[in-house]
Amino acid sequence: MNPAGGLQAVLADMDGTLIDSERLWLEVETDVVARLGGTWSEADQQHLVGGSLAIAVAYMVAKTGTDVPEERVGRWMLDGMIELLSTHVPLLPGAKELLCGLREADIPVALVTSSHRALTEPVLDAIGRDLFAVTVVGDEVTHTKPHPEPYLTAAELLGADPARCVAIEDSPNGLTSAQAAGCATVAVPGVLPPPPAPRRTVVGSLQEVDVPFLASLVSSGR
């Protein structure tokens, strides 16, 4: 019996889902805002979780009232994260095991992230590029999460029906994006607790997720 059932693909977010990067973002955001003469809090970070770099930069500029161009602030953000990720990519528990299990079951995986390509590359190097069939990143789509475009794009690139895909996410923005695209979703609680919703299953961590579990979400339609 095929353990994957009707599951055609898995579409996985990166920050806060596969890697423990939200704490890295908090460190970089705090440093950048201090450089702009302001202060940063966890509440500020929570306001931006799952959003794009452009939204984060605009928020920082408005919060501090700086006259530093947004392009330069964005560069500071990217440079700070690249520096941190170049030395260590902190995988979340169960992430590598799940990805390897999906490869063994011949289920293609797409990485679907709001992060820019420059930040995705060191993560792919650390996790293993061969574990992902395609990547959809924030600076290569017209509309970022919570718009459905990233997940619709990933499914199209894989030749998969979104209704036969399961998306794994940690943020409300990402979950909204995936569900608007028609995917069943698995929510891994991160900085913000995900609210309940149809076709959404909340787990404690990726250690609770395997191929039969993901397949059951497609076959059951929940």
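Start with contacts (heavy atoms within 4.5 Å). Among those in the chain with a separation of 6 or more, 61% join residues 24 or more positions apart. This is a predicted model, where local features need pLDDT of at least 70 and side-chain atom pairs count only at pLDDT 80 or more, while totals for chains, interfaces and linings use all residues. Residues are numbered from 1 along each chain as its sequence is written, and side-chain values use heavy atoms, leaving out hydrogens and water.

Next, show the cartoon. The chain has 9 helices and 6 strands (DSSP runs: H or I of at least four residues, E of at least two). Its radius of gyration, taken over C-alpha atoms, is 17 Å. The globule rule (2.2 Å times the number of residues to the power 0.38) gives 17 Å for 222 residues, so the chain is as compact as a globular protein of that length. Along the principal axes, the C-alpha atoms fill a box of roughly 60 × 35 × 30 Å.

Select Leu18, Phe132, Val186 and Leu214. They have the most contacts inside the largest nonpolar core, which has 55 residues. Such a core is a set of buried Ala, Val, Leu, Ile, Met, Phe, Trp, Tyr and Cys residues joined through side-chain atoms within 4.5 Å. Another core, of 16 residues, lies apart from it; Ala110, Val112, Tyr151 and Ala160 are among them.

Zoom in on Leu18. What does Leu18 touch, not counting residues up to four places away in sequence? Its partners include Pro90, Leu91, Leu92, Phe132 and Leu206.

Methods
Buried means under 20% relative accessible area, exposed over 50%, partly exposed in between (1.4 Å probe, protein chains only).
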